[in-house]
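I opened the notebook to look up a few local features.

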Amino acid sequence: MPAPGENLRINSARLWDSLMEMAKIGPGVAGGNNRQTLTDADAEGRALFKRWCDDAGLSMGVDQMGNMFMRREGSDPDALPVYVGSHLDTQPTGGKYDGVLGVLGALECVRSMNDLGIRTRHPIVVVNWTNEEGARFAPAMLASGVFAGVHSLDYAYGREDLEGKRFGDELARIGWKGDEEVGARKMHAYYELHIEQGPILEAEEKEIGVVTHCQGLWWLEFTLTGKEAHTGSTPMPMRTNAGLAMARIFEMVQEVAMENQPDAVGGVGQVTFTPNSRNVLPGKVVFTVDIRSPDQAKLDGMRAVIEAKAAEICAPLGVGCAVEPVGHFDPVTFAPELVSNVRAAAERLGYTHRDLISGAGHDACWAAKVAPATMVMCPCVGGLSHNEAEEISPEWAAAGTDVLFHAVLETAEIVS
């Protein structure tokens, strides 16, 4: 089959308008978005997405995890669909593009196919995955993980947010709990467009990231148990200070990550003190260590060292230390034939590009367990993401979606 012609482009103005319209739902306090999963804002964003898909002639399926599947028929009723998408949920202080570009870019590909009268042999399904961020309900990529058989449905439904609200209950509350069995669908291939969430593409003045791998991750939730006591009247030698143990573990995580350079990161982004009072030593501290590497042995070695050294830190302080893995995926190698399609599309369209290893986890990591998968990335200003100041240009959005458009058409097979 001949490759799509270089003159085929998406409607960049319509894509940008859609991004800005979606950004009005769940506005943040500093120009970004707070559209956390299974909130009322999430439900409103889903409804807008559905309306746009209805207008594009797509038929909807929703599974028991709330994943939305919007289908454009192909010419061959027996051909497996090409899936394209990402997520609409955001961090509490999230940007307008993380995940959203992938969903609305996929929709724009379908809209442009409609405009240009393009038919494909394979059906195309635009996907909005539930709870990719994991900000409200850990772990991240929860619904795509259930789809790929990594997590059970009962496990997912039982996940609780910081207020003790259960995922299953909240999914039903917002009205997006479907009847379709999770994971019953079969994919021919999966593509995902995303902002880089890192500084490499912008720094090297590349318009497209051809994603070859995704680094693996461990989220380790530590619960440190000390003794609540008055900060002013408790002598230093008589304290059982869970906060002090936490501080020493933070420093240790930094040291372990630095000792495993290159291609390793580690840090902590969430901490909960109990009782969280100015003049009371914490009786309990809960925090999550996030470590990542594209090297499996290095990733697992870092976990082992961090857990062992944390125990060594806590023991002499008399602080209890319990560790629970609350998120994990192994490093992923994306499908070479799809990676080649992305690279060829970038070259055909004249966009500068380079190969990338994704530093963040994505739904594509779990999709890759059940079908050939890959990703396309575009730059973001300063590499900033998970921040309301996250920014991209309309030109970057268009370039990434153009490449996605061509790669999807290559895989879905244009028919005359």
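I note that the model is predicted.

**Entry: a loop residue.** I looked up Asn131 with that numbering in hand. Asn131 lies in the loop between strand 5 and helix 4. Its phi is near 55 degrees, a positive value in a residue other than glycine. Is Asn131 buried or exposed? I find Asn131 buried, because its relative accessible area is 1% and the cut-off for buried is under 20%.

Entry: I then checked Glu413, in the loop between helix 12 and strand 17 (414-415). Phi of Glu413 is near 70 degrees, and this residue is not a glycine either. Glu413 has 26% relative accessibility, so I log it as partly exposed.

**Entry: aromatic rings.** I counted pairs with ring centres within 6.5 Å. By this rule there are ten aromatic pairs. One of them joins Phe69 and Phe147, a tilted pair with centres 6.0 Å apart and 45 degrees between the planes. This pair links distant parts of the chain: Phe69 is in strand 2 (residues 68-72), Phe147 is in helix 4 (residues 142-147), and 78 residues separate them. Phe69 is buried at 1% relative accessibility. Phe147 is buried too, at 6%.

I followed Phe147 to Trp129. Their ring centres are 5.3 Å apart and their planes stand at 75 degrees, so I call the pair edge-to-face. Trp129 sits in the loop between strand 5 (124-128) and helix 4, 18 residues from Phe147. Trp129 is buried, with a relative accessible area of 2%.

Which residues form the cluster? I list Phe69, Tyr83, Trp129, Phe147 and Tyr190 as one aromatic cluster.

**Entry: a charge over a ring.** I looked at Trp218. The charged end of Arg303 sits over its ring, 4.2 Å from the centre.

**Entry: helix packing.** I checked helix 1 (residues 12-23) against helix 12 (residues 394-412). They pack at about 115 degrees, with axes 10 Å apart. That angle makes helix 1 roughly perpendicular to helix 12. I note the crossing as right-handed. On the helix 1 side, I find Ser12, Leu15, Trp16 and Leu19; they meet Pro394, Ala397, Ala398 and Thr401 of helix 12.

**Entry: cis bonds.** I found a cis peptide bond from Gln261 to Pro262, with omega near 0 degrees. Pro262 is in the loop between helix 8 (242-259) and strand 10 (265-274). Thr274 and Pro275 are also joined by a cis bond, with omega about 10 degrees. Pro275 lies in the loop between strand 10 and strand 11 (280-281).

Conventions:
Residues numbered from 1 in each chain as written. Predicted model: local features only at pLDDT ≥ 70, side-chain atom pairs only at ≥ 80, totals over all residues. Heavy atoms only, no water. Phe/Tyr/Trp six-rings, centres within 6.5 Å; stacked < 30°, edge-to-face > 60°. Helix = DSSP H or I, 4+ residues; strand = E, 2+ residues; numbered from the N terminus. Buried < 20%, exposed > 50% of the residue type's maximum accessible area, 1.4 Å probe, protein only. Lys NZ or Arg CZ within 6 Å of the ring centre and 35° of its normal. Axes fitted to C-alpha atoms, helices over the stretch in contact; angles between N-to-C directions. Parallel < 35°, antiparallel > 145°, perpendicular 65-115°, else oblique. Left-handed = near helix turned anticlockwise from the far one by under 90°. Contact = heavy atoms within 4.5 Å.
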